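Below is a set of questions and answers on one protein model.

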Amino acid sequence: LAILALHDRDGDGVVTWARRALAAGSRSGVSATLLCHGLAIDGRLGEAFDAMTTLLAGGPPPAVSRDAHLGRGIVRVWSNDLDGAVADLAAADGSAAEHDRPPGDAEGLHPGSASLLARADVGSYQAEVAYRAGRWPEALDLAEAIASVVDDAGDAMVVALPHAEATFVLAGMGRVDDAQAHLDAAVASAEATGLMPARLWAAHATLRVAAARADHVRVAGV
């Protein structure tokens with residue numbers, strides 16, 4: 001229900017259902033991040049940060065801890081707290097590596113496993129941190145690496161974000177044709193899934209390529 005609310009841009013709905021899931025002891029690995037997204041929709045970034053800090057202080061299970069670090073890391077990216085974001089994303093990434101896919105869990109369904117979505121989010125936001133910090137070669141390496149992973153997995157739901165991140169960097173570098181290839185992948189994902197976050201990332205990437213081409217009418221239209 002929190003995911004459905006997110007796709008409707010219903011911040012209050014996301015917050016309500018994500019909090020209920022956490023209160024019920026959910027180990028889904030997405031409830032904490034969803035709570036952050038719901039609060040962020042309404043501009044409540046400080047509240048999202050505090051909620052994740054409180055959750056982590058309680059010593060939650062590994063999957064929930066990873067999710068909370070990811071959620072707080074994303075909030076810190078959006079707040080432009082890049083050093084803090086690096087620390088939280090590294091914690092989420094390290095937890096994913098430690099608990100990723102135990103024996104017999106080929107689909108990553110064990111409560112301690114890192115989902116493809118979580119791995120895609122961690123890698124993509126690490127790329128965004130490097131991009132915002134001006135470390136563009138590093139950002140491109142990170143974005144293209146995770147884009148390759150999601151492409152190989154064949155899951156359209158997680159394609160848009162890493163390809164959009166690669167688009168941002170390449171457009172900024174003036175490598176517009178290369179940026180367009182990643183943009184096409186992001187747009188195809190958004191069209192295939194219809195998901196609101198994918199549509200937003202694809203639109204953002206479209207704007208960056210249009211700006212790099214000095215297509216001001218297209219920029220205004222996006």
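A salt bridge here is a side-chain nitrogen of Lys or Arg within 4 Å of a carboxyl oxygen of Asp or Glu. The model is predicted.

Q: The side chains of E128 and which residue meet in a salt bridge?
A: Side chains of opposite charge can pair when their charged atoms come close. E128 is buried, at a relative accessible area of 7%. The N to O distance is 2.8 Å, and the partner is R132.

Q: Is R132 buried or partly exposed?
A: Buried means under 20% relative accessible area, exposed over 50%, and partly exposed in between. R132 has 36% relative accessibility, so it counts as partly exposed.
The term for R132 is therefore partly exposed.

Q: How many residues apart in sequence are the parts that D88 and R72 tie together?
A: The side chains of D88 and R72 form a salt bridge with an N to O distance of 2.8 Å. Both residues are buried. D88 belongs to helix α6 (residues 82-99) and R72 to helix α5, so the pair links parts whose separation in sequence is 16 residues.

Q: Which residues do salt bridges that share partners join into one network?
A: The whole structure holds 10 salt bridges. One of them joins D42 and R44 at 4.0 Å, N to O. D42 is partly exposed at 40% relative accessibility, and R44 is partly exposed at 26%. Through shared partners, the network consists of D12, R19, D42, R44 and E47.

Q: Why is helix α3 described as largely enclosed by the rest of the structure?
A: The buried residues of α3 include S31, L34, C36 and H37. They pack against α1 (2-7), α2, α4 (45-57) and α5 (62-78). The helix spans residues 31-41 and is largely enclosed because the number of its 11 residues that are buried is 10.

Q: Is the pair of Y131 and W136 stacked, tilted or edge-to-face?
A: The count of aromatic pairs is 5. In this one the ring centres are 5.4 Å apart and the planes are at 20 degrees. Planes under 30 degrees apart count as stacked, so the pair of Y131 and W136 is stacked.

Q: In which helix does F168 lie?
A: F168 and Y131 form a tilted aromatic pair, 6.3 Å centre to centre with 40 degrees between the planes. Both residues are buried. The pair ties together parts that are 37 residues apart in sequence, because Y131 lies in helix α7 (residues 116-132) and F168 in helix α9 (residues 160-173).

Q: Which residue lies over the face of F168?
A: F168 is part of one aromatic cluster with W78, Y125, Y131, W136 and W201. At 4.5 Å from the ring centre of F168 lies R208.

Q: What is the accessible area of the nonpolar patch formed by L1, L4 and W17?
A: W17 is found in helix α2 (residues 11-23) and is partly exposed at a relative accessible area of 35%. The charged end of R20 sits over the ring of W17, 4.6 Å from its centre. Together L1, L4 and W17 have an accessible area of about 330 Å².

Methods
Residues numbered from 1 in each chain as written. Predicted model: local features only at pLDDT ≥ 70, side-chain atom pairs only at ≥ 80, totals over all residues. Heavy atoms only, no water. Patch = residues over 30% accessible without salt bridge, like charges linked within 9 Å, V, L, I, M, F, W, Y side chains within 5 Å. Areas by Shrake-Rupley, 256 points an atom, 1.4 Å probe, with all protein chains shown as cover. Helix = DSSP H or I, 4+ residues; strand = E, 2+ residues; numbered from the N terminus. Buried < 20%, exposed > 50% of the residue type's maximum accessible area, 1.4 Å probe, protein only. Contact = heavy atoms within 4.5 Å. Phe/Tyr/Trp six-rings, centres within 6.5 Å; stacked < 30°, edge-to-face > 60°. Lys NZ or Arg CZ within 6 Å of the ring centre and 35° of its normal.
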